[in-house]
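Open the model in your viewer and keep the sequence panel beside it. Each stop below names what to select and then says what is there.

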Amino acid sequence: MSEAIDKVADLGRDIGEYIRAQRNHAKISLRQLAKRAGVSNPYLSQIERGLRKPSAEILQQIAKGLRISAEALYVQAGILDLPAGGPVIDAVRADGELTERQKQVLLDIYESFRRENKAARSTVEGSDVDSEEQVTGPTRKE
C-alpha cells in the first residue's frame with residue numbers, strides 16, 4: 001500500500017517540476033502563471049513543490065496559462081498514457097530546444113501529411129491501374 005502512495009507522491013513531484021520547468025522556459029513568474037491559470041499563488045507554488053496533485057481541470061487551466069497542450073500535462077501527471085510514437089514523433093518530443101506548443105504544432109503538421117499521403121495511396125490502390133504500372137510506367141506488350 002505504501003508503494004502506491006509513494007508512486008502518487010512521485011507523480012505530484014514530477015508534474016510540479018515539469019510545470020516549473022515549462023514556466024521558467026516561458027519566462028513567466030509564478031504570480032503571472034497563477035493569474036493566467038486562475039489559481040492562487042500559494043496553490044500553484046504547492047503544485048510546483050509536489051505538495052499538491054492538481055485535478056485534470058486545474059492542469060488544463062495551467063496548460064492554457066503556459067500555452068502548451070493539456071495533453072502534455074496529462075501525460076506528465078499520469079492521467080494519460082504517452083501516445084504511440086515512432087522515430088520522428090519520439091525525436092520531436094525529446095527535443096529540449098522546443099516548447100511544448102512548438103512540439104505539438106510540428107506533430108500536428110506531421111500527422112496531417114501522413115493522413116494526406118495515406119488517403120492518396122488508398123485512392124491510387126483503389127484505381128484500375130495495377131501497382132507495377134504505377135511504379136515503372138506502362139509496359140509494352142510485344
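Start with Glu48. Its relative accessible area is 3%, so Glu48 is buried. Keep in mind that this is a predicted model.

**Stop 1: the partners of Glu48**

Glu48 and Arg23 form a salt bridge, with the closest N and O atoms 2.7 Å apart. Glu48 sits in helix H3 and Arg23 in helix H1, so this pair ties together parts that are 25 residues apart in sequence. Is Arg23 buried or exposed? Arg23 is buried, and so is Glu48.

Arg20 has 32% relative accessibility, so it counts as partly exposed; the cut-offs are under 20% for buried and over 50% for exposed.

**Stop 2: the whole chain**

Zoom out and color by secondary structure. How many helices and strands are there? The protein chain has 8 helices and 0 strands. Read from the N terminus, the elements run α-α-α-α-α-α-α-α. The chain has 142 residues, and 26% of them are buried.

**Stop 3: H4 against H5**

Select residues 56-66 for helix H4 and residues 70-77 for helix H5. A pair of packed helices is described by the angle between the axes and the distance between them. For H4 and H5, the angle is about 135° and the axes lie 8 Å apart. H4 and H5 are therefore oblique to each other. The crossing of H4 past H5 is right-handed.

Stay on H5 and show side chains. Which residues of H5 are buried? They are Ala70, Ala72, Leu73, Tyr74 and Ala77. Then step just past the end of H5 to Gly78, where phi is positive, at about 85°.

**Stop 4**

Go to Glu97. This residue lies in the loop between helix H6 (87-94) and H7. Its relative accessible area is 68%, so Glu97 is exposed. Draw a distance from the C-alpha atom of Glu97 to that of His25. The two C-alpha atoms are separated by 9.7 Å, while the residues are 72 apart along the chain.

**Stop 5: along H7**

Select Glu100 and Lys103. Their side chains meet in a salt bridge, 3.5 Å from N to O. Both residues lie in helix H7, 3 residues apart, which is about one turn of the helix. Glu100 and Lys103 are both buried.

Before moving on, bring back the first selection for contrast. The structure holds 3 salt bridges.

Now return to H7, residues 100-125, and pick Val105. Is Val105 buried or partly exposed? At 34% relative accessibility, Val105 counts as partly exposed. Val105, Ile109 and Phe113 make a nonpolar surface patch of about 260 Å². The tour ends here.

Definitions and conventions. Residues numbered from 1 in each chain as written. Predicted model: local features only at pLDDT ≥ 70, side-chain atom pairs only at ≥ 80, totals over all residues. Heavy atoms only, no water. Patch = residues over 30% accessible without salt bridge, like charges linked within 9 Å, V, L, I, M, F, W, Y side chains within 5 Å. Areas by Shrake-Rupley, 256 points an atom, 1.4 Å probe, with all protein chains shown as cover. Salt bridge = Lys/Arg side-chain N within 4 Å of Asp/Glu carboxyl O. Helix = DSSP H or I, 4+ residues; strand = E, 2+ residues; numbered from the N terminus. Buried < 20%, exposed > 50% of the residue type's maximum accessible area, 1.4 Å probe, protein only. Axes fitted to C-alpha atoms, helices over the stretch in contact; angles between N-to-C directions. Parallel < 35°, antiparallel > 145°, perpendicular 65-115°, else oblique. Left-handed = near helix turned anticlockwise from the far one by under 90°.
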